[in-house]
Amino acid sequence: MTMLQWGILRPHHVLALVLCVSATEDFDWTKNERTSFYYGTFPTGFSWGVGSSAYQTEGAWNVDGKGISIWDAFSHKKGKIFLNDTADSSCEGYHKFKDDIALMKDMKLNHYRFSISWPRILPTGLKSEKINEKGIKYYSDLINMLLDNKITPIVTLYHWDLPQVLHEKYGGWHNISMVNYFNDFANLCFERFGNRVKYWITFNNPWSIAVEGYETGEHAPGLKLKGTGAYKAAHHIIKAHAKVWHTYDMQWRSKQKGLVGISLTADWGEPVDISNQRDIEAAERYIQFYLGWFATPLFHGDYPQVMKDYIGRKSGQQGLGASRLPVFSPQEKSYIKGTCDFLGLGHFTTRYVTLKNYPSGAGDNYFSDRDLAELVDPQWPDPGSEWLYSVPWGFRRLLNFVKTQYGNPMIYVTENGVSEKMLCTDLCDDWRMKYFKDYINEMLKAIKDGVNVKGYTAWSLLDSFEWDEGFSERFGLYYVDFRSKNKPRYPKASVHYYKRIISSNGFPNQREVESWKRKAVETCSSSNQLLAAAHAQHNVTTMLNILVDPLIGHMEMVTEIVVPTVCTLCILISAVFFMFLLRRRL
């Protein structure tokens with residue numbers, strides 16, 4: 001225990017498409033093989049891609065008829081986002097999608113995962129009120145261009161940007177009416193895009209929607225309904241997912257032949273002591289309260305038994321007449337069970353887990369309901385986000401856990417990556433190349449274990465708006481210069497490294513793999529010089545504006561004076577001429 005310290009709890013990304021089946025077997029918690037690097041290649045036809053989301057990258061928050069989302073409203077409130085950043089313009093992806101698809105084509109990607117902004121196509125959230133055809137056209141053009149470049153679209157219907165009107169009128173995901181409104185939105189997407197889109201994800205990481213949106217208030221809509229908020233929101237999200245699946249199954253599947261699933265986040269939880277039964281049980285609770293909360297209803301029709309037991313017991317100790325965890329009726333259980341053609345699985349990092357009893361009444365909430373403590377090893381690398389430690393072996397463990405729990409389903413990893421802090425502008429991102437190398441290699445080992453992994457999606461294509469952290473964390477393969485109005489993209493070394501993995505379909509041999517990093521660093525040096533020059537020009541231009549703008553203002557004032565002094569005119573003319581010369585040289 002001396003090598004462990006308290007971890008900082010944060011959820012997050014990594015996603016996988018998984019065919020739903022019900023068969024389960026026991027996971028062996030005592031078997032944790034941490035083997036050396038494995039040289040080998042992925043199966044023929046393995047699919048490689050990158051991901052993004054609408055609010056994080058599109059910008060154009062009030063352009064072409066788009067309605068306001070809860071994230072627009074949330075980020076516009078002072079103090080909610082680091083440095084009060086907003087995604088009002090972000091990467092300007094709405095205007096630069098053709099350029100971004102060119103980047104994907106150059107990387108020779110097989111698929112691209114993106115999300116549709118609900119308020120961009122239904123400004124008030126309601127299909128019955130207004131359909132924004134300009135928003136429809138934007139996504140239609142994006143999909144067409146992807147297909148023209150032989151890139152398969154994987155489309156997320158809800159990546160956190162609920163129309164603000166639905167929150168103000170109904171309370172968002174706390175209201176059961178969201179189930180029908182979301183179904184109407186999804187049905188419109190199937191109608192307009194389904195002839196070209198064959199992979200649909202209903203919700204991205206509902207864990208964060210529920211816990212951070214309705215329990216801790218860190219994310220939009222910022223509600224702090226401790227002990228009940230997350231469970232109620234999640235209950236309605238699960239019902240909404242099931243309804244959309246049935247709508248597609250009944251109305252669209254026979255003609256469009258697509259698949260509908262959900263993407264769930266799952267960090268790995270490893271017992272502090274794999275020989276201690278209490279630690280093993282705590283680690284399993286960690287996973288069941290995280291992944292199982294959503295996956296178990298979809299696979300088996302109800303919440304994990306351990307969630308029902310723990311939340312029910314603690315609710316009783318509080319003197320409540322019923323559990324804070326809502327209950328599915330028998331009809332709802334059968335309606336929800338099996339409603340996924342694939343399951344999305346998100347993964348970024350790992351925690352050690354041990355038992356910690358929280359007495360009832362001491363601030364009952366989702367976190368204390370679990371009766372566990374999360375720990376990290378201080379030797380784990382943490383290059384950027386405070387919550388994201390690089391622990392590659394946890395990825396292999398998670399993939400094997402999914403295999404045993406869900407009968408070896410087909411998996412497409414749809415989100416995996418690592419960040420760096422804002423101040424780091426070195427495009428030679430050694431830590432990201434190492435992260436991708438090690439995590440992708442653990443995925444390859446999992447395939448050797450018999451896990452049926454079919455594809456991988458790196459998170460993310462671009463640096464983008466990282467929710468409550470604003471622009472202070474960068475996950476992108478491409479660096480985005482947010483200070484420039486045009487938001488230019490600069491390739492990091494990891495772009496070239498990932499391209500090598502894709503072209504080789506894995507890690508063919510040690511000599512070749514070791515050369516990739518050297519070549520990637522050589523390539524990124526020129527990008528570093530371009531970026532440095534752009535920053536220098538920006539800084540000089542900023543200083544010129546600071547110096548000259550007051551003088552120009554003074555000139556405007558002077559022109560109103562009947563007889564300006566010769567001295568003042570000389571100073572102003574000299575300053576303007578000096579500015580003109582400097583700007584020409586730049």
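**Figure 1. Overall fold of the predicted protein chain.** The chain has 19 helices and 19 strands. Both are DSSP runs numbered from the N terminus: helices are H or I with at least four residues, strands are E with at least two. This is a predicted model, in which local features need pLDDT of at least 70 and side-chain atom pairs count only at pLDDT 80 or more, while totals for chains, interfaces and linings use all residues. Residues are numbered from 1 along each chain as its sequence is written, and side-chain values use heavy atoms, with hydrogens and water left out. Of the 586 residues, 59% count as buried. Buried means under 20% relative accessible area, exposed over 50%, and partly exposed in between (1.4 Å probe, protein chains only). The chain exposes about 23200 Å², and carbon and sulfur atoms supply 54% of that area. Areas come from the Shrake-Rupley method with a 1.4 Å probe; for residues, only the protein chains shown count as cover. Among contacts (heavy atoms within 4.5 Å) between residues at least 6 apart in sequence, 78% join residues at least 24 apart.

Figure 2. The UniProt annotation "active site", from an unreviewed entry, covers E415. UniProt positions are given in the numbering used here, feature names are shortened, and annotations may be inferred rather than shown by experiment. E415 lies in strand 13 (residues 411–416). E415 counts as buried because its relative accessibility is 1%. The E415 side chain makes a polar contact with the side chain of R113 (3.0 Å). Such a contact is a pair of N or O atoms within 3.5 Å; within protein, one must be able to donate a hydrogen and the other to accept it, and residues adjacent in sequence count only if both atoms are side-chain atoms.

**Figure 3. Helix 8 and its cover.** Helix 8 (residues 206–214) is mostly covered, with nine of its nine residues buried. Among them are P206, W207 and I209. The cover includes strand 6 (152–158), strand 7 (199–204), helix 9 and helix 11.

**Figure 4. I237 in helix 9.** I237 sits in helix 9 (residues 229–251). I237 is buried, with a relative accessible area of 0%. Leaving aside neighbours within four places in sequence, I237 is in contact with W173, F203, P206 and I209. The C-alpha atoms of I237 and T202 are separated by 9.5 Å, and these residues are 35 apart along the chain.
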